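Keep the coordinates open as you read.

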Amino acid sequence: MVYGEPLTAKVYANLINSMNLKRVTVLDPHSDVTPALLDRVKVITNEYFVELATKNYLDFVLVAPDNGALKRTFRVAQYLGKNEVIECAKKRNVATGKLSDFQVHAEDLDGRTCVVVDDICDGGGTFLGLAKELKRKGAGSLVLVATHGIFSKGFEELLKWYDEIICTDSFQSFENQEIIQIKLNQILKP
């Protein structure tokens, strides 16, 4: 995003490609750019992971936290046979990274369990701002399902809003934490 800066994905893709691996597997890539840059790539989408993460919920609505997650959330909804996705939006100040103006495009969630689906949770700012707005719109239980959990600011604030946080162990294992991790070996198929 700054003139002269390298496209980091391209730099790492070149390093990986230079190893001449038989296959590179990518779980729930952030964008279509990553697989396009890699040779001999196999993409594993997040549908099966979300199915495992939501198996204990009888009735819930899927929530796309922002425009970036909308396509993947629609794909998950189709896979799970869900007819509704709650679309959300936010504004990000590019200079500061500050998030604001969270919107939930639903009038009354009527106490429904809301499962927020995304590929990654780093600091959690998107999910905190979204949780407040979902509750304001009448959401019941909130569940965060993020394929790749970094949680650079910890879990404490998120757990004030979310009844469950579910991720894979793709980034790290969180032993003795109050989150649920689904092991990659349960998701990745040969």
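The paragraphs below take the pockets, then the cysteines, then selected residues.

This is a predicted model, in which local features need pLDDT of at least 70, side-chain atom pairs count only at pLDDT 80 or more, and totals for chains, interfaces and linings use all residues. Residues are numbered from 1 along each chain as its sequence is written, and side-chain values use heavy atoms, with hydrogens and water left out.

Start with the pockets. On a 1 Å grid over the protein atoms alone, a pocket is an open set of points where a 1.4 Å probe fits, with protein on both sides within 12 Å along at least five of seven lines; lining residues have an atom within 4 Å of a point. Grid points are joined across faces, edges and corners, and a volume is the space filled by probe spheres set on the points.

The largest pocket has a volume of about 730 Å³. Its lining holds 24 residues, and Ala9, Pro29, His30, Ser31 and Thr34 are the closest to the centre. Helix H1 (8-17), strand S1 (24-27), helix H2 (33-37) and strand S6 (114-121) supply at least two lining residues each. Helices (H or I, at least four residues) and strands (E, at least two) are DSSP runs, numbered from the N terminus. H1 gives the most, with five residues. By class, this lining has 15 nonpolar, seven polar and two charged residues. Here Ala, Val, Leu, Ile, Met, Phe, Trp, Tyr, Cys and Pro count as nonpolar, Asp, Glu, Lys and Arg as charged, and the others, Gly among them, as polar.

The second largest pocket has a volume of about 500 Å³. It is lined by 27 residues, and Leu99, Gly123, Gly124, Gly125 and Thr126 lie nearest its centre. Two or more lining residues come from each of several elements, including helix H4 (67-80), strand S4 (85-92) and helix H6 (156-161). H5 gives the largest share, six residues. This lining divides into nine nonpolar, eight polar and ten charged residues.

Now the cysteines. How many disulfides does a search of the whole structure find? The number is zero, where a disulfide is a pair of cysteine sulfur atoms within 2.5 Å. For Cys114, the closest cysteine sulfur is in Cys88, 8.3 Å away, so it is too far for a bond. For Cys121, it is in Cys167, at 8.6 Å, again too far for a bond. Cys114 is buried at 0% relative accessibility, and Cys121 is buried with a relative accessible area of 0%. Buried means under 20% relative accessible area, exposed over 50%, partly exposed in between (1.4 Å probe, protein chains only).

Next, Thr147. This residue sits in strand S7 (residues 142-149) and is buried, at 0% relative accessibility.

Finish with the backbone. Most residues other than glycine have a negative phi. Arg40, in the loop between H2 and strand S2 (41-44), has a positive phi near 50°. Asp101, in strand S5, also has a positive phi near 50°.
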